[in-house]
Amino acid sequence: MSPFTLVDLKRILLEGAGADDGVDLDGEILDMEFVDLGYESLALLETSSRIEREYHISLDESAMADVTTPRALIDLVNSHLAAAA
Amino acid sequence: MSTSAVVTGLGVAAPNGLGTDEYWKATLVGRSGIGPITRFDPSSYPARLAGEVPGFVAQEHIPGRLIPQTDRMTQLALAATDWALRDAGVEPGELPAFDMGVVTASSSGGFEFGQGELRKLWSQGSEYVSAYQSFAWFYAVNSGQISIRNGMKGPSGVVVSDQAGGLDALAQARRQIRKGTPLVVSGGVDASICTWGWVAQLAGGRLSTSDDPARAYVPFDAEARGHVPGEGGAILIVEDAAAARRRGARVYGEIAGYAATFDPGPETGRDPGLGKAIELALADAGAQPSDIDVVFADAAAVPELDRAEAEAINAVFGPRGVPVTAPKTMTGRLYSGAAALDVATALLAVQDGVIPPTSNVEPAADHDLDLVTGEPRRLPVRSALVLARGHGGFNSALVVRAV
């Protein structure tokens, strides 16, 4: 299975939670805090739920709670994908 | 003397006009927004007409982050709030957060959003249900989203009493102002023209099954046969009169009097409570019946409810003793949005010295009402009485007065 990328994450964020008008998701966002991108905990819950059903994985809740940046979330998803492979 | 609460801003989303100006122009010329339902295919339902708000594209009015988490009623309410704040000349970011509250009315919550998520639940599974369903359907969601978007952390809440709610919310706003909050965003906006909302409304047994937009909703007419539902409503900015005066705000009028009563059970044989609500609201306003220049009727269009309302009005004002109007004949009944829109309309009537007409109605002579039909009636309007009843026995009456 191909790895989960920022492109995938941006698509899922937009579908599930939309985008803040003041934020450019095409900018350098990998290491920005989700909160600064306009996504609060409920947006991340929706995002993780969409990732889980699309990629048929189950994200560990406590690991998810520690995720605060796109890079951390992408790494978490890829570690699950690797484990499932 | 209690603190006086005044209205300084209006935001309207109505089936016959998006925005206060469009709505008011349409209402004065008697242009109706009632027509065949377009939001779903109504052909297999017994009632097929509604008042739909035209031309509202949420993306043009509210931030992208809010679109996936809001029902149509919330999107309309957020836009109407922006317009009302602008109309009032209020920039929320410049005011202390705890000096601003939000009290709206609701009747059913975000039905269309909830319908979509329930459909996913039973057709695809729980993992497909949006996390935002947790609040997007909820009665208090309009108050919550308005509060978050505008940084308003003062006393807030929601009032749920069907169609009476629009008045009850404004009364609660007045209470909070008397307790010391300088500004409260209030009113109500509703929208449940979706199949789930529709069957819920059909179950109430009061929908008109006529297919003729000009004859379907005709309160106080011998052919009254139930109502046509609509969507939309109004958001009003309510302020402490002294605070409004200090910042030089334009004032539409004062919320001068209010009362609510509850009907006795049908088995008691006692009279319904609307008449008592009128008397108490006038007393609260310190007004005599002769001070009231116009009554905005609840206008249920169910024959026995029309009779009860006409009797309640006539008991206070005398037969044909006061002009009565029901502009909601051009919008349909908007549930929690209806009375808020009627109050906004009454304040526009005060501002312009004109009573908007009731459309399509041939008044039944035995109601003995001076119903304003056909043309608007031009006369100075100082005080207006707005009536609203909610399913299950709610009666509310509110007096607005020029300042």
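1. Helices (H or I, at least four residues) and strands (E, at least two) are DSSP runs, numbered from the N terminus. H3(B) supplies the largest share, three residues.

2. This is a predicted model, in which local features need pLDDT of at least 70 and side-chain atom pairs count only at pLDDT 80 or more, while totals for chains, interfaces and linings use all residues. Residues are numbered from 1 along each chain as its sequence is written, chains are lettered from A in the order in which they are written, and side-chain values use heavy atoms, leaving out hydrogens and water.

3. The patch consists of B:Leu118, B:Leu121, B:Trp122, B:Trp196 and B:Val199 and covers about 510 Å². Patches take residues with over 30% relative accessible area and no salt bridge, nonpolar side chains (Val, Leu, Ile, Met, Phe, Trp, Tyr) being joined within 5 Å; accessible areas come from the Shrake-Rupley method with a 1.4 Å probe, and for residues only the protein chains shown count as cover. B:Val199 belongs to helix H7 of chain B.

4. Chains B and A bury about 1000 Å² between them, 51% of it on carbon and sulfur atoms. Buried area is the accessible area (1.4 Å probe) that two parts lose on being put together, summed over both. On the chain B side, B:Arg65, B:Ala131 and B:Tyr132 lose the most area to chain A, together 51% of what that side buries.

5. One salt bridge is counted between chain B and chain A. It joins the side chains of B:Arg65 and A:Glu40 (2.4 Å, N to O); the term requires a side-chain nitrogen of Lys or Arg within 4 Å of a carboxyl oxygen of Asp or Glu.

Technical notes
Patch = residues over 30% accessible without salt bridge, like charges linked within 9 Å, V, L, I, M, F, W, Y side chains within 5 Å.
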